[in-house]
6 protein chains.
Amino acid sequence: MRNVVVTDHPRADAADAGTLGEHGVATVHEALGRVGYLGPTFRPAWPGARIGGTAVTVLCWPGDNLMIHVAVEQCRPGDVLVVATNSPSSDGLFGELFATALAHRGVRGVVLGCGVRDVAELREMGFPAWSTAVSAQGSVKATAGAVNVPVVLGGQVVHPGDVVVADDDGVLVVPRDDVPRALTAAQARIDKEAASRAAFQAGELGLDRYGLRDRLGEFGISYVSHDEYVRGTE
Amino acid sequence: MRNVVVTDHPRADAADAGTLGEHGVATVHEALGRVGYLGPTFRPAWPGARIGGTAVTVLCWPGDNLMIHVAVEQCRPGDVLVVATNSPSSDGLFGELFATALAHRGVRGVVLGCGVRDVAELREMGFPAWSTAVSAQGSVKATAGAVNVPVVLGGQVVHPGDVVVADDDGVLVVPRDDVPRALTAAQARIDKEAASRAAFQAGELGLDRYGLRDRLGEFGISYVSHDEYVRGTE
Amino acid sequence: MRNVVVTDHPRADAADAGTLGEHGVATVHEALGRVGYLGPTFRPAWPGARIGGTAVTVLCWPGDNLMIHVAVEQCRPGDVLVVATNSPSSDGLFGELFATALAHRGVRGVVLGCGVRDVAELREMGFPAWSTAVSAQGSVKATAGAVNVPVVLGGQVVHPGDVVVADDDGVLVVPRDDVPRALTAAQARIDKEAASRAAFQAGELGLDRYGLRDRLGEFGISYVSHDEYVRGTE
Amino acid sequence: MRNVVVTDHPRADAADAGTLGEHGVATVHEALGRVGYLGPTFRPAWPGARIGGTAVTVLCWPGDNLMIHVAVEQCRPGDVLVVATNSPSSDGLFGELFATALAHRGVRGVVLGCGVRDVAELREMGFPAWSTAVSAQGSVKATAGAVNVPVVLGGQVVHPGDVVVADDDGVLVVPRDDVPRALTAAQARIDKEAASRAAFQAGELGLDRYGLRDRLGEFGISYVSHDEYVRGTE
Amino acid sequence: MRNVVVTDHPRADAADAGTLGEHGVATVHEALGRVGYLGPTFRPAWPGARIGGTAVTVLCWPGDNLMIHVAVEQCRPGDVLVVATNSPSSDGLFGELFATALAHRGVRGVVLGCGVRDVAELREMGFPAWSTAVSAQGSVKATAGAVNVPVVLGGQVVHPGDVVVADDDGVLVVPRDDVPRALTAAQARIDKEAASRAAFQAGELGLDRYGLRDRLGEFGISYVSHDEYVRGTE
Amino acid sequence: MRNVVVTDHPRADAADAGTLGEHGVATVHEALGRVGYLGPTFRPAWPGARIGGTAVTVLCWPGDNLMIHVAVEQCRPGDVLVVATNSPSSDGLFGELFATALAHRGVRGVVLGCGVRDVAELREMGFPAWSTAVSAQGSVKATAGAVNVPVVLGGQVVHPGDVVVADDDGVLVVPRDDVPRALTAAQARIDKEAASRAAFQAGELGLDRYGLRDRLGEFGISYVSHDEYVRGTE
């Protein structure tokens, strides 16, 4: 039951996904309780892209992009293609021709737990891509994998239909059932951050704003002048 | 016979090298049968450069750029300087002053299996550089190495006079004798990719275009609806 | 005596720090005798920034940014915030809200031996940041650390009040007492490099300019034509 | 619902887990269709241990082992403690005192997606441990996490009660529901490998035994003598 | 003042250093408040060694062991040789011949922030070595460095005369002035750990022994049965 | 001409290879002028093995061990199997069954630029293996590669028939034509090292033995007492 293409999976709402994309990775990550982040190894192929979409997942053999060809057909407008390999690989399984096919289908971007190539062309096309490597290393089409089964990338499980948010900070997955909560919590956080931003611009300190000053003693933190400190360590 | 400077080596044609550079790393790599790529650890110092030139090779002791000084004199218009260290090192053996000297000689860029520095200045000069690290760490001039002997970088052997192609996808070496074949095969691939691009823009699928759909059964790949899949894994 | 906030430490002159920042990492590093560089793992969050300022140091528990909140209050115009964690961590301890608070206080940038987040926002704000990772991973405020004690980053000791220089080549620390010497030596190097640059633009070789040609024999380096070399290795 | 300790989870049979442990990681991994392996970054603290047990899972904040203290109480004979941190960390969250407490409870070993310490003592005790680092770096008890929720380690999801198999080749997870199939398939593989081993000891070739020789043409593989090959590449 | 050999530095007491060595890295690290550990990249060349000694420090150019030759003469019985390179290098600067010379002088071991070689011979000699790499790559003797100046290894400053403790958990530095405190605190910790060990062997839980059970609510940790948890996440 | 099996390649003498194996990696590496070492990423699967043999080379697709099956047939007594993948991979392409087949043919060991598995079984069999990873991850047999073409591993070119030397320090390649020189130079080095060892055991210093003491001034190295040094840096 592994070499399977799962069709017609339920998807989170594409508009909701887009809204979470606008909110951005760091905000939604915090709003959800600091979960779902794929970690610092996923980097954008070019800076400035910011997307949210619904995952179509692919599991490939290393050095083999057969299943990406299969997956393209399963993609719909609002999707994000999410590619995992079943063992560590940096090979460039995805490039400009795939991006062309996906752009035609309204796909918003790609996330790869391996390499991407044609970086200059992707930047010119404006097709967003995140990956763990940039590599021109080409691939074969020789070994089966799966489409739209749960995959693990960056320590997170991505189910088909989950929301994927990505920007210059990396990639976040929001489980489909958590989208309503994410929308609400992210908006609350945005409001709170706007207030904090205004306060910090006016010179307030986080120490005071977050009620930390009174707790410093409890944390065991004390203040000492530089002169005293130097005397104490001599 | 190691601490040697080899002079007057044969070079691939500089115009051919330039043509391969325009074709780009991924295209030429595929055209040649997926060989010659230096892998994902070689990254451009600044984005957007795309070059092809003929290799002048340098072998340095780690932390020592003596042989780059020696190599400059061997460079001619159309060359690319290719620097290896004989053990792993990230030190910045190359910077803006070397780039100034090489630009004067018509050299098209530099590839370093170690660090580069003066990244901002190189970007402003428009002098292309690829390296495995960015590092300001300076070097001495104390230990001999070699110029224009074969060197190994990123798992590939680079002979002096070989063509080096580099862009945002990394670096590729094309052996001098393979240049004619590379030119022909790359042009064929470009034509084929143009046709595929047009087809994908019109909505054709790679599954059909590459004749993969009929072979899915042979690969052991089957389709199942999401409902069936969920029932099967419960 | 570890969970301490040291106040009123002496600082290098902010204008001197700014001057060293304009000179740049590679130049000051060389001028001081190739010391003080934090190595290739510290990278800018966005390209093109170039700063010099005086260090306010922070030591955090991994995944915990409590002490950055404490440190903000200790920052003055001309400072650079320097954050270390007491064990390896890539978590994004610093983002746009902190940058807002620091910008209000005239802080020139931040250097983090861990992750940074809100990269797009920092780029838009023009707030410079260098770090060993980009990560949206959020943090708690649960464990005490220290402010303005010496910290080690990238193999270098940073004392509060030291000058921190950072640009696209990475980050350099100049001990407070070495600032006068750094200013003099950097200016001398800049003058020397200007002369070398002009010479290289006019076609002089480093081999001649640096008196290396006469020493090649002493280094054991010999010249051989390609034909001779090939015969010798056959 | 994240800072939760889940009690009384169902477990795979401890004897079955032990049997899979005897079969070893590589054999069970192959038998299940090459799934479930945590990858090459998980290494034994000392060589020669070989275990199978049922997972008690722990999710810790980096640098904080509070939840391991909580988890010990949930452990029963036949269990294996499985510890993840919610962002990358190498800190040594586990050492000899924990091992003493777990040994008392009949726990068979520990798997850590972070550091282990007291390696010499663990080896002397014969308490098996696998981890992604060896580190003496100590931890605090300041931030909550979870016990017996699903965790991701090495690209695999580990549910509490799953079977964990570990030996010198690393660590494998077998989902609880797959244990019967794993037992059957592993035994079949062992029998098949025994026959192959005997055949190879007698000089048979894999080319023949696995029916590969007749397919070499289909793979595009041809044979050429060294002399011909050298002439072809000259 | 950098290419200097500093003679006749004060040393911690060699017997005290030996006592701390017997206590081991993890214990002394905890006793001192979790400071001084060189991190998980320093590994023993062979398992089972456990030493404490006083540091003789060496700063080498990468790929160059000239200064180790200079440093040997400065070593006395009870010392540990501590070698840093001034930029990242894995070259094997130290091997069996150096070990022979150091053993003659009563040196207890070596710690290298680069490579070690002759691993089999060191194991046979019983000469302890810790390093960040094993590498046979040989070195030149061409560039000056320093002996007995402070060096940074693994994020820690090592001053000549400090105590270095090393075992299978890695390497720890104890500043010379902290040795009396380290001896007292380590003994206290050993006593405390012995009591904890006995308690754990008798079945007591850390939750109770460390007073954590009553604080779980304060941490926000709650207990839930597996059945309830599954219902809550469905 | 890439998917080719080259037969009947010339080999270095197996007895000579064995002699170089007894001399060991570090000695032969130095004797040849510090060339041919595959670097610190190649580690033995178990400690204590020491071999020399003649290379049979294999080039595999990542995650695919088809060509190892093909290569076994080409192996003769005295050979060492040398496996490269054409892009970075850690998968365990080689295990106990292959070792059984190779042992039957008199093969002395295996070197893999990827993963090895069945580490415990290889140790029990006494079959030596060096690799860049330990991984149980299994492989397919789907894509062609080559046997007995030159491969690049660890920055070195290995030609079929070259001598491969491996021990606890890693792996070295000696080109077939260099074997006579290697034998002579290694013996000379062994004699020289024996004399140095005896001298060091008797207390002589490398400073004197290698004539370095008189050159310290030329290197710019000066001696200063600790008291003077401290005054100079205050």
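Student: What is the area buried between chain B and chain A, and how much of it do carbon and sulfur atoms give?

Tutor: In this predicted model, the buried area is about 3300 Å². Carbon and sulfur atoms give 61% of that area. Phe219(B), His226(B) and Tyr229(B) supply 17% of what chain B buries against chain A, more than any other three residues.

Student: Why is an area used here at all?

Tutor: The size of an interface is often given as the accessible area lost when the parts come together.

Student: How many residues of each chain are in contact?

Tutor: On the side of chain B there are 37, and they are in contact with 43 residues of chain A.

Student: What makes the meeting of Arg197(B) and Glu96(A) a salt bridge?

Tutor: The side chains of Arg197(B) and Glu96(A) come to 2.3 Å, N to O. The cut-off is 4 Å between a side-chain nitrogen of Lys or Arg and a carboxyl oxygen of Asp or Glu, so the pair qualifies. The count between chain B and chain A is five salt bridges.

Student: Which element gives the most to the side of chain B that touches chain A?

Tutor: Helix H6(B) does, with six residues. Other elements that give two or more residues to this side include helix H2 (25–31), helix H9 (226–233) and strand S13 (222–225) of chain B. By kind, the residues of this side divide into 17 nonpolar, ten polar and ten charged.

Student: How do you know that strand S1 of chain A pairs with S13(B)?

Tutor: Pairing needs at least two bridges, and four join S1 (residues 4–7) of chain A to S13(B), so the two strands count as paired. S1 of chain A and S13(B) run parallel. Thr7(A) stands opposite Ser225(B) in S13(B).

Student: Why are chain B and chain A said to be related as by a three-fold rotation axis?

Tutor: A rotation of 120° with 0.0 Å of shift along its axis superposes chain B on chain A, with an RMSD of 0.0 Å. The two copies are therefore related as by a three-fold rotation axis. In chain B, the C-alpha nearest that axis belongs to Pro47(B), 6.2 Å away.

Student: What is the distance between the nearest C-alpha atoms of chain A and chain E?

Tutor: They are 10 Å apart, and chain A and chain E do not touch. Chain C and chain F are joined by no contact, and their closest C-alpha atoms lie 10 Å apart.

How values were computed
Residues numbered from 1 in each chain as written. Chains lettered and ligands numbered in written order. Predicted model: local features only at pLDDT ≥ 70, side-chain atom pairs only at ≥ 80, totals over all residues. Heavy atoms only, no water. Contact = heavy atoms within 4.5 Å. Buried area = accessible area lost by both parts, 1.4 Å probe. Nonpolar A, V, L, I, M, F, W, Y, C, P; charged D, E, K, R; others polar. Least-squares fit on C-alpha atoms with pLDDT ≥ 70 in both.
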